[in-house]
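I'm opening my notebook on this one and jotting down what I look up as I go.

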Amino acid sequence: TDHNVEVRSKAAGALGYVGGDKAFALLEKALTDQNAKVRCNATRSLGFIGGDKAFALLEKAITDPNAHMRSSAADALGYVGGDKAFALLEKAFTDQDDHVRSSVANALGHMGGDKVWAFLEKVLTEQNANARSIVTDALRWWTNDDKAFALLEKALTDQNANVRSNVVYALRWWTNDDKAFALLEKALTDRDAKVRSNATDALGHMDGDKTFALLEKALTDQDS
């Protein structure tokens, strides 16, 4: 056991790629490390290893008192996948910590599937603006998917600026998609500066003369 936290942390992360029973045993032990960063990396690695024993540890970790541990467990469950993982993630989306909920949304997006899709659609209609904002991040996994694009397009009309801003951020993954470009062009006229800022950043991931023209125009934005 190395005395340096960074060494132990990286070792815990690497074991997830190694896999196997021996790696699992070491990761299970690493979950008792006094340093949270080591425990978090060990938790994520369990997601790569998978299996019933790993799932049992993740089921416990998703309710850990440490928010970073809960977030790491959510990341790992996204790799595990399956109905049992979905059930844990669905429940974890009620977590009081925004970072945990963001990890849950990202994990669900990575999982995909009909249950995940129905859950995302439901959350985007809820009154909780923060929940709507967080869940849009999951849609970035469905690039070039018509249903996902339709939800993003609708969410861009949300009254909450944070929701619109996250929609624009998600669109950065839709590289060189004409429909996404049209939404980003629209977002550049948004009344909220953060939305416009995210739109310019997303445009930086696209090519072409039209993109250059919009970025040139964005340089004249007058909001201080």
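Predicted model: local features only at pLDDT ≥ 70, side-chain atom pairs only at ≥ 80, totals over all residues.

**Entry 1: a ring pair to start with.** The rings of Phe149 and Trp174 make an aromatic pair of the tilted kind, with 5.8 Å centre to centre and 55° between the planes. Where do the two partners sit? Phe149 is in helix α10 (residues 146-155), while Trp174 is in the loop between α11 (161-171) and α12 (178-187). They are 25 residues apart, and the pair links distant parts of the chain.

**Entry 2: counting the rest.** How many aromatic pairs does the structure hold? I get six. One of them is Phe86 with Phe119, and that pair is edge-to-face: the centres are 6.3 Å apart and the planes make 85°. Phe86 belongs to helix α6 and Phe119 to helix α8 (residues 114-123), so this pair ties together parts that lie 33 residues apart in sequence.

**Entry 3: the sides of α2.** Next I went to helix α2 (residues 21-30) and asked which residues are buried. My list is Ala23, Phe24, Leu27 and Ala30. Why do they end up on the same side of α2? Their arc around the axis is only 120°, so they share one side. What does the buried side of α2 pack against? Its buried residues pack against α1 (5-18), α3 (36-49) and α4. On the face turned away from that buried side I found the exposed residues Asp21, Lys22, Leu26 and Lys29.

**Entry 4: α4 next to α6.** To describe two packed helices, I need the angle between their axes and the distance between the axes. For α4 (residues 52-61) and α6 (residues 83-92), the axes come within 11 Å and cross at roughly 5°. That makes α4 roughly parallel to α6, because angles under 35 degrees count that way. Which residues meet? From α4 I have Asp52, Phe55 and Glu59, and from α6 Lys84, Ala85 and Leu88. The residues of this contact divide into three nonpolar, no polar and three charged.

Notes:
Residues numbered from 1 in each chain as written. Heavy atoms only, no water. Axes fitted to C-alpha atoms, helices over the stretch in contact; angles between N-to-C directions. Helix = DSSP H or I, 4+ residues; strand = E, 2+ residues; numbered from the N terminus. Parallel < 35°, antiparallel > 145°, perpendicular 65-115°, else oblique. Contact = heavy atoms within 4.5 Å. Nonpolar A, V, L, I, M, F, W, Y, C, P; charged D, E, K, R; others polar. Buried < 20%, exposed > 50% of the residue type's maximum accessible area, 1.4 Å probe, protein only. Arc of directions from axis to C-beta. Phe/Tyr/Trp six-rings, centres within 6.5 Å; stacked < 30°, edge-to-face > 60°.
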